[in-house]
Structure formats: structure tokens, C-alpha cells
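Here is a short report on one structure. It covers a helix pair, a pocket and a disulfide.

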Amino acid sequence: MPQRLALSALWVLALLAGAARAADLADCDAAVPQPAPAQRPLAQAYWLDGRTVQWPGLVVGPGERVRLHHARAASLRALPGEPVGGSEGGIDLAASAAAVPARFRFIGAGPRFDIGPVDVKALLREQLLLVHEAGDGRVIAATGIQLAGALDELYAAAEQVDDLGARPDAARTRFAVWAPTAQRVMLCRHAGPEAPAVSIDAMQFDASTGVWRAELAGDLSGQAYRYLVDVVTPTHGLVRNLVTDPYSTALTADSRLSLVADLASPALKPPGWDRLTRPDRIKASTDQIIYELHVRDFSASDASVRPAWRGKYLAFTEPASRGMKHLRALARAGLTDVHLLPVFDFASVPERGCKQPAVPAAPPDSDAQQAAVMAVAADDCFNWGYDPWHFNAPEGSYATDPLRRVIEFRQMVMALHRAGLRVGMDMVYNHMAAAGQNPKSVLDRLVPGYYHRLNAQGEIERSTCCDNTATEHRMMAKLMIDSAALWVREYKIDSMRFDLMGHQPREAMERLQVRVNAAAGRPVQLLGEGWNFGEVADGARFVQASQLSLNGSGIGSFSDRGRDAARGGSPGESGNDSVARQGWLNGLVYAPNALAHAEPEALPMAADLIRVGLAGSLRGYALTTWRGETRRLDQIAYGNQPAGYASEPGEVVNYVENHDNQTLFDSNAMKLPLDTSPAERARVQLLGAALVAFSQGVAYFHAGQDILRSKSLDRNSYDSGDWFNRLDWTYQTNHFGTGLPPKRDNFGKDGRDWALARERLARPGIAPRPSDIVWARDAFRDLLRIRASTPLLRLASAAQIQQRVSFPGSGPGQNPVLVATRIDGSALPGAGFKAVMSFINVAPTPQTLDLPEEAGTAWRLHPVHRGAGAADRRAAQARAAAGRFTVPGRTAVVFVSE
């Protein structure tokens, strides 16, 4: 009888286990819900390490205490004036004299407490509340605790784990995911991309690293999977989250499931991939000449690309297309790198079934076009892609089938390499598309409260635009570094541009540099946006990878010094300021428009900032200013910052246009006098390119800048559809006057921005003629030829620049519309010339500079200018004789001493 009862009990247990397993398996196929809105509770306290917490602002009175309450079921309730409810245990905390770690220097003052001899790792898998209690146990105040300090110390070993994600081989497939606060993690497995879940497997927890693991027999490549995670969240208590793998290297359509993929498998490699050699065009960072390009912009409107490939990776493999002919011509002229806007998996574009707007034929200043575009913007085929979902997998909307994203991305890289172009990527690790319990949140549904940077209340910071990540946290930095190394190793990426890099620690970026160099077996050039703003500004939390903090790192950052001086105003301007605040290129003082009101001294001030850029924005370079003072560039003011900020020229990226803000053509359309002819507008555009081509540092151009690209005055085209982002490789139009830009970011106060836009979009004589576009294209290529063939324009060190670069005609009494730069090549191996002298004349009329000290030097036009095919015949009219240099109006020219 006892044996029969025991068997019956076992049978019941087996039934219960089977039922539980079936329920778990059903959860694997559940839709990821959009959660009900929930207020994020306060998390004002901080784990400083694995044993100590600090509660900023807390004052503990006589007879009061602080306790740490915990509940595995996340049932805690702490209402003022009542005892804590739902607690499964309370720990009395003792005052701690521990010092505040440097990483927490930003938090407010407050008492610190020692947790005592308890298993903190176990506690971190429960709901925790720090409670200030009266002597009778009633709640005075309560707060959650920010987790990063504890997790980073207790699970420091996780940083060395090198097999996160899915790793298949012939014998087995291993899965590993870091989720130290999860109570349970199970692996949901699908036989194929569209198949329901076929099995669920419990994963084993490694208490030393916080990694959950499962190992299954056989090579499961092509099978799909997700993790089923039981975890406590700040907003929704204990939940069961169905989460894709943050280390996914392949995904099903719309990133619903992760896919097991062996990136070394021949099935995922185009023929010849392993034998592909990268273009060897870069000896120093300053050799880079970069063209920033969006995958979809490149071919979405190119009729020479087969329809199924337009807007896709495979468009780059169409050698006879107009777009590829354009890129190959740029490569022959000297372009070294194509930098692609985000091509990792992002959240904003449906990977199947995206919509195309029906844009009506309407007048050039109509609002009908933008209304049609924006009506479907949320579901259309276009977005810049600055909304990361999975860092390690290519974006699926650019593949002909999302399941082919890996191989088609590699085909694109092969095609660009074979065209002689290195491939750079825009890396966006500073924020995610979503956080919390949002269905498109990955990191925060896996380890709630860890991967994102929180403010003093425990809310996610959003200074970048979206949910900021915290790359100062150990495992977020690891994810970033691991990801960057993967792209270099598996996709042969040559260089990288980091979005809002100033939100990342310098030390993390330096570690990343070491890793990617090792992965590539050669230097991988890094550059990024070193803007200093938000909650991390001025080193509030760590030494940033920002302009002023990167010097000496070898990592480049974009310079806004020359950009703003050249264009005028600033990226955030609106209303009349967008017209009145002219720049050095487009008329400041010397050719005022109807709204201009600049003081005369603004022009030489701008000219000096132009010289700052030409000298590579080097901190230690000395310049005699228009006031007659000789100052280091870091002693010249640029707003509240030093104008010079770089230690070496490879640390500065010179540009006048990129994907952000209005194109240079559109900015000039606002600021140039309205009666400026199309041909003269093309010349002004070329002067902007010449400024970049003649500057020491890294040269960076925006795709279409060479063909007068317009976005019909759109200031922020990130979600403005193909219509406002088109490129025309037939050179018939630049798309100026294709409707008012989208109202969302361009209407302005009381509609003033639209009114100013209407005045220009409707005006004949601003849009270029095809002949103007072709001239700009060819003259731009000549500038590339000049830079590429003239090593003196891209000196590799600050010492060389300080020794060899000078600015004749600068200082007091200068002619600020004509900037000359002299570069001495004597005794410099490989210089090519004894000296070069570049001139940029922004005035509409010829200008002359007398330099008696040059009377004994034989100066000739640069060989490119002298060539029979030189595009700018006006430049050929420039003269140098007996120390007198005459430069035609709105002309950039280089003289050489051979």
C-alpha cells in the first residue's frame, strides 16, 4: 500500500510537472504585450558596491531606523504611516563609514549603510525597498535602490565571459545570457523562423558570473529562440518576460525571434568572402576622406537598380548602376571611406510590408507633399535608424528578405571594397529604442534597472533623445565593446563613427579601440560626436569621450568650430535668425541679406575660426588674431569653450554638412542674398567643400553634398520618408522646391519658419540647373584629387603642423574674405612639393593678397587645376606673380612650389 501511494504521488507530480511544462511552452508563443502604463517608483538610493548603500538626502532622527525589506514575490507595500506590508524579511542596517567610490561622485550627500552578513546576490533577485521607519515600525519614507554598483562588483567576473549569445558547432549548441537578477530563465526553441515553439529548456545559473546557460545536442543553426525570464521589475513587480537575445547575430522578420547563426558558416558567406582584401589606402587617420551615406537614400530612387534591390544592401552590388558609378568615380578621385548611417537592427521600420506614401504633384511651396509623407511615416520604409534594437545583427529592412540580412550585408561590404572604398559604420550605443516593459525593450526586460542611466529619482535619462544607456556600467560597456569587435571581425568593417560619443566614458572607448584593433589586426579608425551636454556634461559622472576630454586618445571628434563659422548661426536656430545669422561662406558682413544685422568685427572673428579649423583645431597651435594678439588655439574662445581642443590632427573631424540639420545648400538658401544666381550658389557650396579639403585633420562629407543636395529645407529628416531624403544620380535635380518640409520640426513659432521657407521654395532661380549640379560634382572631385595627391594637406602630427603651417595675411588689418594657408614641405619625406599655398575667397569679387616674402618663390597652380579636365575654369584664372596672389570671386585654389 505505501508503495502504491508513492507511485500515485509520483504520477501526480509528473502530471503537474507536465502541465507546468506545457504552460511554460505556451508562454514561449505568447505575444509580447504592450504593458499598461505604470509610474516608475522612486529609486533614490544607490548600491555603492556589493555591501553598502547610500540614501542621498535622508535624515534619520532619534529612535528611527533604516531597514532593507525584500520580497521574492514582489509584494512589498510601503505607505507612509503604516507598517511595511508584503515583506518576506527585513534587515536592520548599520551605519557605514565606507568612502563614496569615485564613480558615484555625482550623487547627493546622505547616510551610508552596511547590509551586514547576508547573501546580497540572492537579495538582488527579489524586490527590495529601503525603508525609513519610526521606532514602532511605521513607514516614514521608502525608496528603491539603483542596482549598478552592486551588480558591477558582485559579478565582475562576467566581464571576462566570452561566449554570450548562441554558439553552435557540429556537436552542440550553447546558449548564454547575463541575467543576474532573474529568478529563473528558460530557453524557448523554435524549429524554424516561423514555427511555434517546440521545446523549453531550463537554463542553469552560474552564481559567480550571473550568466544563465543551456547546452543542447547538435548544430541548431537556423532554429529560432527566445529567453523566458522571471524577474522583478521596478514598474510591474514580478513578471515573466519573453526576450530576444541582446547578443543576437541574426533575427527573424521584425526582430520577433533570435536565430542561431554560425557567422563562420559558408552558408552565410558570399563566394570569395574569406579571400576578400580590404582597401589599403590609410597610413594615418588624416588620410581618411569620408562620405556619409544612408543605405536607403543611396538607391531608393535610382531607376538603374533593379526594383527589388532599391533601398537594399544589394544595390551596392549592382556595378552598372548610376549610384555605384558615382561612388567609383569618387574613389578614383581620392575618397577612402563610405560611412553608413545605422545598419544594425533598429526598431522604426517594418521589415516586411512597409508602406509607401502617395505624394501628390503640388507646387514647390505646398504643404501637401509633407502631409502625404508624414501620414504614413510611422509605417513607411524610411528612417535614419538611430533607434537600436539589437546591436549585433544587421538591419533586416535593407535585405531582400530579413532572413538574408547577414549574407547580403557582407555582399554590400564586398562590393564597396572591390570599388576601392573602405566601409565605416555609424555606431549608436548611447541609447536604445525602448526601455522598461515596452515590447521593443530588450536590455531592460532582461536586467531591469541596470543597462540604462538613471537620474536621482531612478527615472531613465533621455538627454540623447531616447532611453539613455549607461556605458559606465561594466556589462553595458562590455556589450558595446563586444559588439564593435564583432562588426570588425565578422563584417570587415574598417572604421567607425560613434553617435553622441560624449555620453560614453573615454576609458571605455579606449578599451574598445584596443579590442577592434586586435580583431582587425590593424588600426581601426574611430571618430564620433564629442558633444558635451546632458546629465554627463562637464565630466559630472565620468571622464567623457567628448571633444575637450579626448585629446591624446587618438579618437576623432567632429569640430563645430569651423562648421559654425562657415555656415553661420547654429544647428538649433529658427525664425529670422535662420536668415539673419550669416556665416563666412554665405555673406557675413560682405554680402548681407535683407535680415542681416552683423557687426563688422564678426567677419574677422569668423575668419580666425576658419583658420582654427584649417590648423586642425590643435590646442597648442599659435595664431595671431585679428586683434593682434598671438594666442594658442585653446586660448581663443568659441562660446564658453576653447576653439582649439585636439592634441593631434587625427582627433579632429572637419565638416560643413552631415545628415543632421539642413544641408549646406539649404542653409545657404536661407542665408545668401535672395538674388544670388544658381551658378554662384554652386560656387558657395564648393567653397564649403574646399574648406574641409584644405583643413588639417580628417575630411568628412555628406552624401550628395557634391551634387548640391537639398532636403527642401528640412532641418531634421530622420523620419521624413524617401521624399525628403532622395539622391538623384542622374544629376537632373537636387530636389529643392519639392514641398514645404515636414511641419513637425520645421513650422517654427507662429509658422515663421514655414513662411521663410515658402518665400524661398517658390522663388525661381534658387534651385540649380542640371549644368550647375554637374559642375559641382566635377569640381568637388577635383578637390578630392588635390587633397589625395597633396600629403601636406593631411599632415599626420601636431608637431608637423606647428612647424609647417602658417597663415599669411592673418592678424590685424587682414582681409577677412580671403584666407590663405601656407604649408612648408621642405625636408619632409614624401611631401610632394616644396610648399603649397591654399586660398579661399568667399567674396563675390576678386581679391588680392600681397606677400613680399614670397616674391622669390615660383608659385604655380596645383597640377589638378592645370589639368585639361579641371572643372573650375575660374580657378584657372588665379594668378601668383612676384609675391602678389590674385584669386577670383568665390573661388578656392591651391598654388604649389615644385
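The axes of H11 (560-567) and H13 (602-614) come within 8 Å and cross at roughly 145°. Axes are lines fitted to C-alpha atoms over the stretch in contact, with angles from 0 to 180 degrees between N-to-C directions. Helices (H or I, at least four residues) and strands (E, at least two) are DSSP runs, numbered from the N terminus. The crossing of H11 and H13 is left-handed: the near helix is turned anticlockwise from the far one by less than a right angle.

From H11, Arg-561, Gly-562, Ala-565 and Ala-566 meet Ala-606, Leu-609 and Ile-610 of H13. Contact means heavy atoms within 4.5 Å. Five residues of this contact are nonpolar, one is polar and one is charged. Ala, Val, Leu, Ile, Met, Phe, Trp, Tyr, Cys and Pro count as nonpolar; Asp, Glu, Lys and Arg as charged; the others, Gly among them, as polar.

The model is predicted: local features need pLDDT of at least 70, side-chain atom pairs 80 or more, while totals for chains, interfaces and linings use all residues. Residues are numbered from 1 along each chain, and side-chain values use heavy atoms, without hydrogens and water.

## The largest pocket

H11 also supplies four residues to the lining of the largest pocket, the largest share. E24 (431-432) and H14 (664-671) each supply at least two. The lining has 50 residues, with Trp-384, His-659, Asp-660, Asn-716 and Tyr-718 nearest the centre. By class, 18 are nonpolar, 14 polar and 18 charged.

## A disulfide

Cys-28 and Cys-188 form a disulfide, with sulfur atoms 2.0 Å apart (the cut-off is within 2.5 Å). Cys-28 lies in H1 (2-28) and Cys-188 in E12 (182-190), so the pair ties together parts 160 residues apart in sequence.

Methods:
1 Å grid on protein atoms, 1.4 Å probe; cavity = no way out; pocket = protein on both sides within 12 Å on 5 of 7 lines; lining within 4 Å.
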